[in-house]
Amino acid sequence: MSAVQATVPFETVRTPDAAGRPIKIHTRNVKVTYGQKQALHGVSIDIAEKAVTAFIGPSGCGKSTFLRCINRMNDTIAGARVEGTITLDDQDVYDPDLDVVELRARVGMVFQKPNPFPKSIFDNVAYGPRIHGLARSKADLEEIVVTSLQKASLFNEVKDRLTEPGTGLSGGQQQRLCIARAIAVSPEVILMDEPCSALDPIATAKIEELIDELRANFTIVIVTHSMQQAARVSQRTAFFHLGHLIEEGPTDHVFTNPLEQRTLDYITGRFG
Amino acid sequence: MGPLWLLALIAGLSFFGYVLGRWKSVVLSGKGALAARPGYYGAYVLVWTAMPALAILIVLSLAKPLIVDRTVRANLPETVLADTTQLSLQISGVEQVAAGLKLATPDELQNIRIGVVTARSVFARHGLPLGEDVKPYQLVAAGALNVVSDGLDTAIDAAVVAALAFGLIFAFARVRPRLRARNLVENTVLALLIAASSVAILTTVGIVLSLLFQALQFFSMVSPINFYFGTIWDPRFAAAGSTESGQFGFLPLFWGTIYISFFAMLVAVPVGLFSAVYMAEYAGSKVRSIAKPLIEILAGIPTIVYGFFALTTIGPFIRDWLAVPLGLGTSGNNVLTAGLVMGIMIIPYVSSLSDDIITAVPRSLRDGSLALGATRSETMRQVILPAALPGVVGAVLLAVSRAIGETMIVVLAAGVAARASLNPFAEMTTITVKIVNQLTGDLEFTSPQTLVAFALGITLFVITLGLNVLALTIVRKYREQYE
């Protein structure tokens, strides 16, 4: 079946954005192969600035793979090959002259499982600013750490124990610490790969609330398995299936009035 | 019957018991459901046949030498018993005579008894030359020894056969359909497993105790203060009749050990760690699959070969190009050579263990750091190595233990001169080398010259044990952060 799909030209169903937000990331015909296995069959999508875009779809549909193309984390996987173009503010992400380290400073990432470093809470957040030399003085650094923790709505819970290890926090706190860590390097885009899949509903609600606040300053792309979550936090939704982008559009539109049969089937729980 | 015959008998009858038990259960299964498969009933009879007999055999075999020894002592005259330093020699003399008496024919025995021929000449004819003439009291004691020993052998045979018969019959009679044979087999397996682990533990305890007793004997002759704080190592030779005891200063040996190990770690830790980092983080799978085994080959080279290498290549090189031009020494045997070569030997210990530890650091930590825009080396230095540090420290301490215990390389590369000096081009030696030194040759385990080896041994043991405990503590203390 995938052979047929690969040969037949595939057309994504698109609904333009009524809000008319500027576009932060353009991608055209992005294909990814891991060794022999093709994971993405040409995905083109525009990601709006200062909005939350949700990628939904069943497991193995390529949404995480696509997410990892944007900050070139696929480079760290042996045998992964990426084709097509991805531009961030009209700059080609895969340009050989581009410094991938700088790119990742501009495009932060939050992972599925909270992964705080085995360091103190303070050092976890200060890690990025330190390696990028963002703080001129100790006071500067402290300010960055405190504001990042505040933006990640974690500061009040940890202000008295900044020197304690980050790994000692609860799962939800750890994930917010990871978000604070990402925010600390002042990225323009934050990629979130199923950030709540390892958390309980209360911690999830907090993260969702946080994402909603962060959207004022950051372009956010979130991969999620929870349709409710996508509906709650995102402004635009993209539905992936078997390595294709099936449909993308304003979230309320995709969820209430999908144009594609497969999208309807997925969001109503008929498969996936 | 000797113990081997008894073992064979036990094995044979146990197997027979297995077949019998299995057969009976198969027959019984015609009348109703069994609680276990037939093999378990066979094993049930096997266990009951073999275990009690084996236990009796082992206990009695262990007890036999003790009883024999008592008999010999009881038959030796007071004057012999009084001379405690010669007692063990006397007892082994009696044992030799006893062995000779067994070889002699009845006629010859009669002749010996009436004094027509000497026992020594008879034994010599049977291929058992003795060092001196057999004294009458030795003949008496040897005769008693043979009587007791033969009696004990018969008793062991009888007890084992009785246990076999009882076990076999008892277990066979008990084979019934409702018998929980599986549980018994399960318990036996558990007992075997426990026994296996006890062997390792008891051996360690035994080794430590024997070291300890000999060392205590040494310390009764040389005061621990003189030993541990003495700065001169000059044990002299344990010449017969000499009362001179020499000086047993531990410090020069300790210093030599530490100094050589220090140079070894100076080589092994950076090289081993860096190669581990390269293997774990940078090398592609192809390079890794070739390079890693190549590094590990280093661990397979016998240490004596490293010794040649030091003696013929590194040693002269260091002497000609460093020591002599600097005016610091003229010997091809020196601390630096030993340290360098030992360091090379230890590289695979450090690199292989560290590689495993670095690879075990969760991938999510790497991703987290890389996604923040850190380079690979920043990720390595600031995230992965700190996370892997406890394990790496453990690996390094294990390597230190290995370095401290190394002997062959030191003998060939650094020499045997006990000396405490800061000059890395001087000859020095280590604790282990001196242990070997003191224990080679014709020895008597009553003089401080030989007993000092046990004192050195137990000290070395305490040092390496301390290092291992330290390594474990460090690993445990920091592991919490890691999870």
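In the predicted model, six residues of helix H4 of chain B are buried: Gly93(B), Val94(B), Val97(B), Ala98(B), Gly100(B) and Leu101(B). Seen down the axis of H4(B), these buried residues fall within an arc of 155°, so they line one face of the helix. An α-helix has 3.6 residues a turn, so residues three or four places apart point the same way. The other side of H4(B) carries exposed residues, namely Ser88(B), Leu89(B) and Ser92(B). Three helices of chain B pack against the buried residues of H4(B): helix H2 (38-75), helix H6 (119-125) and helix H7 (136-174). H4(B) itself covers residues 84-103, 20 residues in total. From its first C-alpha to its last, H4(B) reaches 30 Å. That span is close to the 28 Å expected at 1.5 Å a residue.

Chain B is divided into two domains. Domain 1 of chain B comprises 3-88 + 136-179, and domain 2 of chain B comprises 247-482. Taken over C-alpha atoms, the centres of domain 1 and domain 2 of chain B are separated by 49 Å.

Chain A contains 11 helices and 11 strands. Its radius of gyration is 19 Å, which agrees with the value near 19 Å for a compact globule of 272 residues. Along the principal axes, the C-alpha atoms of chain A fill a box of roughly 60 × 40 × 35 Å. Of the 272 residues of chain A, 46% count as buried.

Phe255(A) lies in helix H10 (residues 251-256) of chain A. With 20 other C-beta atoms within 10 Å, Phe255(A) is buried. The cut-off for a buried residue is 20 or more such atoms, so Phe255(A) qualifies. Neighbours within four places in sequence aside, Phe255(A) is in contact with Ala231(A) and Ile267(A). Gln150(A) lies 105 residues from Phe255(A) in sequence. In space, the two are 33 Å apart, C-alpha to C-alpha.

The contact between the chains takes 23 residues from chain A and 18 residues from chain B. On the side of chain A that touches chain B, the elements giving two or more residues are helix H3 (100-106), strand E7 (107-110), helix H4 (121-132) and helix H7 (171-183) of chain A. The residues on this side of chain A divide into 12 nonpolar, 7 polar and 4 charged.

Definitions and conventions. Residues numbered from 1 in each chain as written. Chains lettered and ligands numbered in written order. Predicted model: local features only at pLDDT ≥ 70, side-chain atom pairs only at ≥ 80, totals over all residues. Contact = placed C-beta atoms within 7 Å. Helix = DSSP H or I, 4+ residues; strand = E, 2+ residues; numbered from the N terminus. Nonpolar A, V, L, I, M, F, W, Y, C, P; charged D, E, K, R; others polar. Domains from an automatic or database assignment. Rg over C-alpha atoms; globule rule 2.2 N^0.38 Å. Buried ≥ 20, exposed ≤ 12 C-beta atoms within 10 Å, placed from the backbone. Expected span 1.5 Å × (residues − 1). Arc of directions from axis to C-beta.
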